[in-house]
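Please consult the sequence and the structure below alongside the text.

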Amino acid sequence: MDETENLSEAKRTTVGPPSVLEYLDPNYWNERFTSEDHYEWLKDYSHFRHLIQQHIKPSSSVLELGCGNSQLSDELYKEGITKITCIDLSSVAVEKKKKQLLSKGYKDIKVLEGDMLNLSFDDEAFDVVIEKGTMDVLFVDSGDPWNPTPEVVKKAMAMLRGVHRVLKPNGIFISIAFGQPHFRRPLFNSPEFTWSIEYATFGDGFHYFFYILRKGCRVLAVNEDVKKVDAHCLDLYQDELEDEDYLFRTNIDDVDNDR
């Protein structure tokens, strides 16, 4: 069996934990990252590269939230974006990511242990903040998606306040997510934030959402709909209906329906 077949086999056997609630346990992630070298939530860079290129310049300073063992930062670096800082709550993920980047010679990328709910960076430190699937984890125990629990809202707002604070004027928050616009809008569009809100989608049938929030450019009233921007959608393959992304989303729906 060659390397490609090995990777395909690993993908087929990755089904996640018995309950999505385990995604909230830091010990789960430390154990997972100890044995897992790479996994891409919400598809790899090639599926949304066309969207990234519209919003991130080579000169941009970028903060990635919840880097885990994704290769998003690697792909950005190969595009000439070198001022990248990655954070993750898992010390195991951080140490493995540092070694992996050094082995590739990507010495400019900083990888730090950090909590996206309590960002330690100075105000207006980054041109771009990006997360891919990290915010979704906050919602695995949200209850009714139309009316998430106060604790979930508190955590999500803590994250968004931190992101808004560390963004420079006209800076961009890119959130790549399962979460649909009608569920995210009340949080993104809180009156305390000054960003404009747009989104695009990628995938065919099983859509992922690419939110673009630009600080200081707010145009929406509190209850207005979020604007969808046109973008070329890339098709997803049938085997993606069997991976952990699909199961993660399905299990969240099951948790909500059981309440």
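F188 and Y211 are both buried, where buried denotes under 20% relative accessible area, exposed over 50%, and partly exposed the range in between (1.4 Å probe, protein chains only). The model is predicted: local features need pLDDT of at least 70 and side-chain atom pairs count only at pLDDT 80 or more, while totals for chains, interfaces and linings use all residues. Residues are numbered from 1 along each chain as its sequence is written, and side-chain values use heavy atoms, with hydrogens and water left out.

**Aromatic pairs**

- A pair of aromatic rings is described by the distance of the centres and the angle of the planes.
- Rings of Phe, Tyr and Trp (its six-membered ring) pair if their centres lie within 6.5 Å; planes under 30 degrees apart count as stacked, over 60 as edge-to-face and the rest as tilted.
- Across the whole structure, a search finds 17 aromatic pairs.
- One of them joins F178 and Y208, with ring centres 5.7 Å apart and planes at 40 degrees, so this pair is tilted.
- That pair links distant parts of the chain, 30 residues apart: F178 is in the loop between β5 (167–177) and α8 (181–188), and Y208 is in strand β7 (residues 208–214).
- Helices (H or I, at least four residues) and strands (E, at least two) are DSSP runs, numbered from the N terminus.
- F178 and Y208 are each buried.
- F188 and Y211 form an edge-to-face aromatic pair, at 5.1 Å centre to centre and with 70 degrees between the planes.
- Because F188 lies in helix α8 and Y211 in strand β7, this pair ties together parts that are 23 residues apart in sequence.

**Ring cluster and charge**

- Y28, W29, F33, Y39 and W41 are linked into a cluster by ring pairs.
- R32 lies over the face of Y39, 5.2 Å from the ring centre; the criterion is NZ of Lys or CZ of Arg within 6 Å of the ring centre and within 35 degrees of the ring normal.

- I87 belongs to strand β2 (residues 83–88) and is buried, with a relative accessible area of 2%.
- C67 and I87 are 20 residues apart in sequence, and their C-alpha atoms are 6.0 Å apart in space.
- Leaving aside neighbours within four places in sequence, I87 has contacts including L63, L65, C67, L112, M116 and F121, a contact being heavy atoms within 4.5 Å.

- E36 is placed in the loop between α2 (26–35) and α3 (49–52).
- E36 counts as buried because its relative accessibility is 15%.
- Not counting residues up to four places away in sequence, E36 touches N69 and K96.
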